[in-house]
Amino acid sequence: MSRSPQKKQLKPDNGSSPVPGFSRRLAVIIYDLFLLLALLFFATALLLPLNAGEAFTSRQFFYPVYLLVISFIFYGWFWTHGGQTLGLRSWKLKVLTFTGEPISWKQALLRFLGAIISWAFLGLGFLWILIDKNSRGWHDYLSKTALFFDSQETRR
C-alpha cells in the first residue's frame with residue numbers, strides 16, 4: 001500500500017513568528033546573484049556564435065533584453081516551482097503570497113519588475129524593509145508576495 005506524500009504546509013507570518021530580516025534577505029540576494037551571473041555567462045556563450053564571436057555593442061538592443069528574459073526565467077521558475085532559489089533554500093526562506101500560497105507566474109513577473117524598480121531607485125525599495133512594519137519591500141507589495149521562514153526546514 002503506497003502512501004501519498006504529505007504536502008508541505010507553510011503558515012504566513014501573523015505576528016507570532018519573526019519575519020526574515022534585512023541582513024538575511026541581503027545574503028540571499030548576494031548568493032543568488034552569483035548563480036545568476038554564472039547563468040548569464042553561459043547564456044552569453046550560447047549567443048556569441050550568432051554574433052561572429054564578437055562582443056555585443058550598444059546598438060544591439062536585443063542582447064540586454066535577452067539577458068533580462070533569462071534572469072526572469074531563472075527567478076520565475078524557482079519562485080513558481082517550490083518558492084525557493086538556491087539562495088532562499090540555503091537561508092531557509094520561501095517566497096509565497098501574503099496568504100501563504102505558492103505564487104503564480106504573474107506574481108513572479110510583478111515581483112521581478114518590482115525588484116528592478118526597487119534597485120533603480122538606488123535600492124530604496126529594498127531599504128524599505130528596514131522601516132516597514134512587516135519587513136517588506138516595494139516588490140513584495142507590488143506582487144502581493146513575501147518571504148517567509150520555511151517551517152519544514154526549521155523542523156529538521
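Predicted model: local features only at pLDDT ≥ 70, side-chain atom pairs only at ≥ 80, totals over all residues.
Modeller: Residues are numbered from 1 along each chain as its sequence is written, and side-chain values use heavy atoms, with hydrogens and water left out.

Colleague: Thanks! What makes α2 oblique to α4?

Modeller: Helices here are DSSP runs (H or I, at least four residues), numbered from the N terminus. Axes are lines fitted to C-alpha atoms over the stretch in contact, and angles run from 0 to 180 degrees between N-to-C directions. Angles under 35 degrees count as roughly parallel, over 145 as roughly antiparallel, 65 to 115 as roughly perpendicular and the rest as oblique. The angle between α2 and α4 is about 130 degrees, and their axes are 9 Å apart. The pair is therefore oblique.

Colleague: Which residues of α2 and α4 make the contact?

Modeller: Contact means heavy atoms within 4.5 Å. From α2 the contact includes L68, F72 and W79, and from α4 it includes W105, L109 and I116. The residues of this contact divide into 10 nonpolar, 3 polar and 1 charged. For those words, Ala, Val, Leu, Ile, Met, Phe, Trp, Tyr, Cys and Pro count as nonpolar, Asp, Glu, Lys and Arg as charged, and the others, Gly among them, as polar.

Colleague: Why is α1 called oblique to α2?

Modeller: Their axes cross at roughly 135 degrees and come within 10 Å, so α1 is oblique to α2. Residues that make the contact include L36, L40 and A43 of α1 and Y66, I70 and F74 of α2. This contact divides into 14 nonpolar, 2 polar and 1 charged.

Colleague: Where does I70 sit, and what is it in contact with?

Modeller: I70 is found in helix α2. Leaving aside its neighbours within four places in sequence, I70 is in contact with L39, L40 and A43. I70 and L40 are 30 residues apart in sequence, while their C-alpha atoms are 7.4 Å apart in space.

Colleague: What makes α1 roughly antiparallel to α5?

Modeller: Helix α5 (residues 124-131) packs with α1 at an angle of about 150 degrees, with the axes 9 Å apart. That angle is why α1 counts as roughly antiparallel to α5. F22, R25 and I29 of α1 meet F126, L127, I129 and L130 of α5, and these residues divide into 6 nonpolar, no polar and 1 charged.

Colleague: And what makes something a pocket?

Modeller: On a 1 Å grid over the protein atoms alone, a pocket is an open set of points with protein on both sides within 12 Å along at least five of seven lines, and lining residues have an atom within 4 Å of a point. A volume is the space filled by probe spheres (1.4 Å) set on the points. The largest pocket holds about 500 Å³ of space. Of its 20 lining residues, the closest to the centre are I29, Y75, A115, W119 and F126. α1 gives the most to this lining, with 6 residues.

Notes
Helix = DSSP H or I, 4+ residues; strand = E, 2+ residues; numbered from the N terminus.
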